[in-house]
Amino acid sequence: MIGFRTLFYKEVLRFRKVLTQTVAAPVLTSLLYLLVFSYLLEGRMRVYDEVAYSAFLVPGLVMMSMLQNAFANSSSSLIQSKITGNIVFVLLPPLTYWEFFAGYVLAAVVRGAAVGLGVLAAAWIFVDLPLRHPAWILGFAFAASALLGALGLIAGVAADKIDQVAAFQNFLIMPMTFLSGVFYSIHSLPPFWQDVSHLNPFFSMIDGLRVGFFGRSDVSPLASMGVAFASLGIVSGIALAMLKSGYKLRF
Amino acid sequence: MVAAIEVRGISKRFGTLQALEDVSLEIGQGEFFALLGPNGAGKTTLISILAGLARADRGQARVMGYDIRADYRQARRALGVVPQELVFDPFFTVRETLRIQSGYFGMRGNEAWIEEIMEALDLGSKANVNMRLLSGGMKRRVLVAQALVHKPPVIVLDEPTAGVDVELRQALWEFIRRLNGDGHTVVLTTHYLEEAEALCGRIAMLKLGRVVALDTRANLVRKPHSLNLRLRLSGRLPAELAARDHGRGGGEHLLRLREYAEVEPTLTALRSAGCVIEDMELEQPDLEDVFLEIMRRPEAAVAGAA
C-alpha cells in the first residue's frame, strides 16, 4: 500500500513540477477553441432549445482536455522512463502489478481532473453554464480519465519509441475525440454516422457529462455510464494482463 | 545458514543469442563475490534475472532463500541493485529520489537512514539539487544510495566504477568494503580485474553464458600455472618455446611455468639456441593472467569446465 501511494505521489509530483506544460497549456488551448468556435457559430447552431452553443461547447471541451491529458500523463511518463532507463526504479522494488496500475492510472485521473477543472473555471468567466447534476459530472470525469489513463499505460508500455505513442494519440485518441460530438450534437449528423458515434465510448462520456450540466443528452446517461465503465473494465483488464505478464517491461 | 544468492540451472535466450546456459552458483551470506567476464558473457543478464528485470527460460534462483518468482516481493526487498547504466529521473532532486525509492520498498519515516547514506556517499551538499544538474560521478553515487535505501542484506553492483574517476572509485570501494564489513553480501561485476583481485573473496568467471571458473581468488590464481617468466631477448625464441609464448609482441616474451624447476631447462634451451637474455623477470601470475587464459581457451575446454 505504501508502494502504491509512493508511485501515485511520484506521478502527481512529476506533472506538478511542470504545471505550465501539463495544466496551463491545455487550459489555454481549450479556451481558444471556446472563443473561436463560439464566436463563429453562436446563433447559427442550436443544439438543445434552451442551451446556447457556447454553453453546449464547454462540457465537450472539458471532456476532450481531460481525455487527452489523462492519456498524456501515463503514456509520456512511461515512455520517457523506458527511453531514459529510469523505469528500473519502479521495476526493482516489490511493487505488485496492481499497485503499478493504480499508481499510474490514478495520477492520470488527477491530471485529467486538474485540467478539466481549469478549463471549466476559465470557461465560466465567459459563458453562463448551468450545473444540474454534479454527481454525473464526477462519475463521467472519473471514468473518462481512468479509461484514458489506462490506455496511456498500455501505449506507454507497448511503445518502444516516442513517435509510437504519438501515433497512438494522433491516429486513435484524436479522431475518436473529434468524432464524439465535442463540437456538435450527433443529432445533426446523418443517421449512419449517428450509429457509428453510438459505438464510440468517448461519445458516451461527453454526452453523459452534458447531463451533469444541462440535464439533457442525446442518450440516456445510465446507458452512457454503462458504456464508460464497461470500456474502463475491458481496457483495465488488458493493461493488468500486460503488467502481470511483464510484457515489454521484464524480458 | 541460507545462501544469500542461489542460482540453479538458469538458462536464458534472447532470440538467437544464448545469453545464459545452465548457470549454477551459490553465494554465501557476508561474501564479497565477483562476476567476471568479457562483454556479452551474461553477467548483466544474470543480475537482471536475480532482480526480476528479466525472466529465466529455465532454472531457479533465490535471494536470501526467497524464490525470485514465487516470493518476488521478499526477494526484491532482500536485494539492492546498482544498475550499470547511469540512469536518473530528471524531475526530482536527490532527496526526493531517495524518499521515493524508500516508499517503493514500503518504507516510511526513513529520513535518518537517507541522511546517513547521503552523508556516507558525500551527497549531503547536493540533497536538494535536481538530478539533471549532477555530474556523472554524483549520479553514480545517487544510484548506489538508491540501491541501499531499503537496507538490503544483498547488494549487487553491475560495473559500478565504469567511467568513474580514480578518486570516486577509491571512495566507492571504501564505502562498499565497509558495507561488506557490516555484514552485507556484496556481488559485483567489473572489468577492472585488479579491483576484483583486491576486494573479492570468491570469483565466478562467465564466458558465452557459462560459468567457466568458480573458486576463491587465491585458488584461481594458483590453479592453471604458478609462474610467469618474462623475457626480452636478442635473437629468436627457439621453436619449442615459441609455441608457448603468451607475450604481447614487441620483442617481449611471456612463458607460463608450473613450477620453479621448469626455469632451469627453459634457460638451457635458450642458451643452446644461442639467445642472449637482455632482460628477465619471474613473477607470480595475477588474476588478469588467469582471466585471459580462461577466456582464450577453445570452446570445447569451456564446455568441459562448466
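How many residues does helix α9 of chain A have, and how far does the helix reach from its first C-alpha to its last? Helix α9 (residues 201-214) of chain A has 14 residues and reaches 20 Å, close to the 20 Å expected at 1.5 Å a residue. The expected span of a helix is 1.5 Å times one less than its number of residues. Helices (H or I, at least four residues) and strands (E, at least two) are DSSP runs, numbered from the N terminus.

This is a predicted model: local features need pLDDT of at least 70, side-chain atom pairs count only at pLDDT 80 or more, and totals for chains, interfaces and linings use all residues. Residues are numbered from 1 along each chain as its sequence is written, while chains are lettered from A and ligands numbered from 1 in the order in which they are written.

Back to α9(A). 14 of its 14 residues are buried, so α9(A) is largely enclosed by the rest of the structure. Here a residue is buried if 20 or more other C-beta atoms lie within 10 Å of its own, exposed if 12 or fewer, and partly exposed in between, with C-beta atoms placed from the backbone. Just after the helix, Gly215(A) takes a positive phi of about 70°.

Now move to chain B and its strand β8 (residues 185-189). 5 of the 5 residues of β8(B) are buried. In a regular strand the side chains alternate between the two faces of the sheet. Both faces of β8(B) are covered: Thr185(B), Val187(B) and Thr189(B) lie on one side, Val186(B) and Leu188(B) on the other. Strand β3 (residues 32-36) of chain B runs parallel to β8(B), joined by 4 bridges. Two strands pair if DSSP finds at least two bridges between them. In this pairing Ala34(B) stands opposite Leu188(B). Strand β7 (residues 154-158) of chain B is also parallel to β8(B), with 5 bridges. There, Ile155(B) stands opposite Val186(B). From β7(B) the chain crosses through helix α6 (residues 166-181) of chain B to β8(B), a right-handed β-α-β crossover. Right-handed means that, with the strands pointing away from the viewer, the path from the first strand over the helix to the second runs clockwise.

Helix α5 (residues 136-148) of chain B comes next. 10 of its 13 residues are buried, so α5(B) is largely enclosed by the rest of the structure. Among the buried ones are Met138(B), Arg140(B), Arg141(B) and Leu148(B). The cover includes α4 of chain A, and from chain B β6 (79-82), α3 (94-104), α4 (111-120), β7 and α6.

The largest nonpolar core has 153 residues. Such a core is a set of buried Ala, Val, Leu, Ile, Met, Phe, Trp, Tyr and Cys residues joined through C-beta atoms within 7 Å. Leu50(B) and Val156(B) are among the members that touch the most others. Leaving aside neighbours within four places in sequence, Leu50(B) is in contact with Ile5(B), Ala61(B), Val63(B), Ile68(B), Leu79(B) and Val156(B). Contact means that the C-beta atoms of two residues, placed from the backbone, lie within 7 Å.

Asp22(B) lies in strand β2 (residues 17-27) of chain B. Asp22(B) is partly exposed, with 15 other C-beta atoms within 10 Å.

Last, the contact between the chains. It takes 22 residues from chain A and 24 residues from chain B. On the side of chain A, α1 (2-16) and α4 (88-91) each give two or more residues. The largest share, 7 residues, comes from α1(A).
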